[in-house]
Amino acid sequence: MKKITFLIAALFVVTQSFAGFPVGRGRFMLVPSYNLYTAKGYWNSSRAYNAYGNNGRFSSNYFGLYGGIGINRNLDFVFNIPFVIQTYQETGKLSSNAGIGDLSLGLSFFLGHFNERTHLSVTTSLMLPGYQNGITPFIGFQKPAVEIKFGVAGTAEYSLRNPYFDIEAGVRHFFDEFGPTQLFTNITGGLPINDEFKLSGTIGGVSSISPLAQFDIQNLSYNRQFDYIRITGSAGYTLSKTVSLWANLYTDVTGSSIGRGSGLSIFGVIKF
């Protein structure tokens with residue numbers, strides 16, 4: 001009884017603050033992360049909220065390693081390796097599942113530089129399931145997928161210590177008779193407080209479309225037609241020129257045919 005998009009959403013949470021900027025030729029970036037998500041209920045297909053029965057509660061622990069390698073000034077190789085532990089429990093019942101999630105490999109092309117502080121990019125990725133859906137809660141759709149994402153990111157020289165933004169939108173398609181095809185977007189704005197400390201906020205969402213529109217309360221993890229909107233608040237601290245630490249708090253604000261939850265994440269950005 002989980003969000004099928006959890007792995008995708010978790011990846012967005014940990015990459016929003018820097019994903020729109022090139023890594024740099026011959027340079028590397030690693031982002032280890034931990035994300036905790038919990039939900040005690042769901043939105044049905046009419047957007048009405050319902051609590052899980054029998055004091056039900058879903059939780060997911062996500063461990064990820066996102067990375068980027070600068071091939072040249074305008075091209076990066078990017079990847080993500082997730083491991084997830086998911087648990088659903090209610091009175092008298094406990095079920096748990098763990099495994100490698102949807103592996104992602106891709107290329108980010110930086111199409112143009114309006115100036116030194118603004119970048120337009122397109123990222124194409126291949127996603128491959130690293131798990132088998134043998135027991136519930138399911139980890140994902142267990143189908144390969146492709147994704148294309150467009151983004152614009154930049155900073156501005158104002159009196160407010162160079163605020164920055166990162167806007168992205170894209171589409172993801174799973175290769176199955178019933179898809180789904182998912183549209184997603186994230187809009188992030190941030191403000192450095194001083195040379196070390198930054199704050200940012202994000203509003204984002206996913207709309208999943210499929211010819212299989214049935215809504216199964218007993219297996220929310222496998223519903224293919226749904227949507228949700230999420231808001232995230234972030235704080236980052238720069239330890240050095242090559243290392244920074246971030247913490248996020250997020251919550252779902254509206255949706256249909258999907259769990260309603262909230263969570264937190266911590267991650268580090270290491271450049272070398």
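This is a predicted model: local features need pLDDT of at least 70, side-chain atom pairs count only at pLDDT 80 or more; totals for chains, interfaces and linings use all residues.
Residues are numbered from 1 along each chain as its sequence is written, and side-chain values use heavy atoms, without hydrogens and water. Local features need pLDDT of at least 70, side-chain atom pairs count only at pLDDT 80 or more, and totals for chains, interfaces and linings use all residues.

Q: What makes β1 and β3 paired strands?
A: Strands are DSSP runs (E, at least two residues), numbered from the N terminus. Two strands pair if DSSP finds at least two bridges between them. Strand β1 (residues 28–43) and strand β3 (residues 57–72) have twelve bridges in the antiparallel sense, so they meet this rule.

Q: Why is the pair of Phe 28 and Phe 272 called stacked?
A: Rings of Phe, Tyr and Trp (its six-membered ring) pair if their centres lie within 6.5 Å; planes under 30 degrees apart count as stacked, over 60 as edge-to-face and the rest as tilted. The count comes to eight aromatic pairs. In this one the centres are 5.4 Å apart and the planes at 15°, so the pair is stacked.

Q: Why is Phe 28 called partly exposed?
A: Buried means under 20% relative accessible area, exposed over 50%, and partly exposed in between (1.4 Å probe, protein chains only). Phe 28 has 34% relative accessibility and therefore counts as partly exposed.

Q: Why is the pair of Tyr 34 and Phe 63 called tilted?
A: Their ring centres are 5.2 Å apart and the planes stand at 45°, so this pair is tilted. Tyr 34 lies in strand β1 and Phe 63 in strand β3.

Methods. Helices (H or I, at least four residues) and strands (E, at least two) are DSSP runs, numbered from the N terminus.
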